[in-house]
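Work through the exercises below with the sequence and the coordinates at hand. Each task is followed by its solution in steps.

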Amino acid sequence: MRFSTELYEASRPIFAATLAHPFLQGIAQGELPRDALVRYVQQDELYLTTYCRVYAKALACADTDEHMRDFYDRVGLLLEGEHEAHENLLQVAAVRPDERGAMVEKLPTLHHYESHLLAVAATSDFGAIIAAILPCHWLYVDLARRIVDEVQPTADHPFSAWLSFYASDDMKDSLDRLLVMVDKRAALANTEARAFMRAAYMESCYLEYRFFDMAYRGESWLPQTTANGALAGGRDRHV
Ligand SMILES: Cc1ncc(CN)c(N)n1
């Protein structure tokens, strides 16, 4: 079995949970709370900067000229295309100009995700780096294509531009190239290195799910308290 197929099988429940999440269901149905859209874009703009740095590290570690060029193109797409996909969400949310450039605090999930990617990029080889970034690409392409198949959005669907961007054939081709790279690297890796690639991939999958959840529900660095000041989920609840 291809290594990438093994990865997909392991992450299938996370892909399914993400598709069922109210954020993605909101995209499919064309209706999402304004707060969730704004929070998603604000956190994702920060995420994309880090993601771009990790791509640049992959470019630096690439083992062939072909892979180097591939990552060179990916960095360009990231710097332009993905920000355009955000425009769609910002328009639906009718974001005011002053909200666009607002300085926002990094929420815990973004912080966790960036730390994970940067740690892999700083300490690991090309194989582990591409395994860690794979879910960022795979999950969006897979879920956008499923939603497009199911909903068949027309041009007046509020999120048609966002969906067409991630569901496009160009994105699928670029995903397929990444999968071939991951399979090639896994074939050259020993058991330990393959296990590390798998772990890096799975952690990114979980964090992709949590990223949408963070956007939808909001998140805080402080513990959440109930009306009487008790820690929610703490022992007090059961007394
Ligand atoms: C968190 C996250 N993951 C993935 C993508 C799509 N490259 C994104 N824009 N944001």
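Axes here are lines fitted to C-alpha atoms, for helices over the stretch in contact, and angles run from 0 to 180 degrees between N-to-C directions. Helices (H or I, at least four residues) and strands (E, at least two) are DSSP runs, numbered from the N terminus. The model is predicted: local features need pLDDT of at least 70, side-chain atom pairs count only at pLDDT 80 or more, and totals for chains, interfaces and linings use all residues. Residue numbers start from 1 along each chain as its sequence is written.

**Exercise 1. Describe how H3 packs against H7.**

Step 1. Two packed helices are described by the angle between their axes and the distance between the axes. For H3 and H7 the angle is about 145°, and the axes are 10 Å apart.

Step 2. H3 passes H7 in a left-handed crossing. A crossing is left-handed if the near helix is turned anticlockwise from the far one by less than a right angle, and right-handed if clockwise.

Step 3. On the H3 side the contact is made by Tyr 51, Val 54, Lys 57, Ala 58 and Cys 61; on the H7 side, by Phe 126, Ile 129, Ile 130, Ile 133 and Cys 136. Two residues are in contact if their C-beta atoms, placed from the backbone, lie within 7 Å.

Step 4. By class, the residues of this contact are nine nonpolar, no polar and one charged. Ala, Val, Leu, Ile, Met, Phe, Trp, Tyr, Cys and Pro count as nonpolar, Asp, Glu, Lys and Arg as charged, and the others, Gly among them, as polar.

**Exercise 2. List the residues around the ligand and assign them to helices.**

Step 1. The shell consists of Asp 44, Tyr 47, Glu 82, Cys 136, His 137, Tyr 140, Glu 208 and Phe 211. A residue is near a molecule or strand if its C-beta atom, placed from the backbone, lies within 6 Å of it.

Step 2. H3 (34–61), H7 (126–151) and H10 (191–217) each supply at least two residues of the shell. H7 gives the most, with three residues.

Step 3. The shell divides into four nonpolar, one polar and three charged residues.

**Exercise 3. Are His 86 and Tyr 166 buried or exposed?**

Step 1. A residue is buried if 20 or more other C-beta atoms lie within 10 Å of its own, exposed if 12 or fewer, and partly exposed in between, with C-beta atoms placed from the backbone.

Step 2. His 86, in H4 (residues 65–92), has 20 other C-beta atoms within 10 Å, so His 86 is buried. Not counting residues up to four places away in sequence, His 86 touches Val 41, Asp 44 and Glu 45.

Step 3. Tyr 166, in H8 (residues 160–167), has 23 such atoms within 10 Å and is therefore buried. With the neighbours up to four places away in sequence left out, Tyr 166 touches Tyr 140, Val 141, Ala 144 and Met 171.

**Exercise 4. Summarise the chain as a whole.**

Step 1. The chain has ten helices and zero strands.

Step 2. Of the 239 residues of the chain, 34% count as buried.
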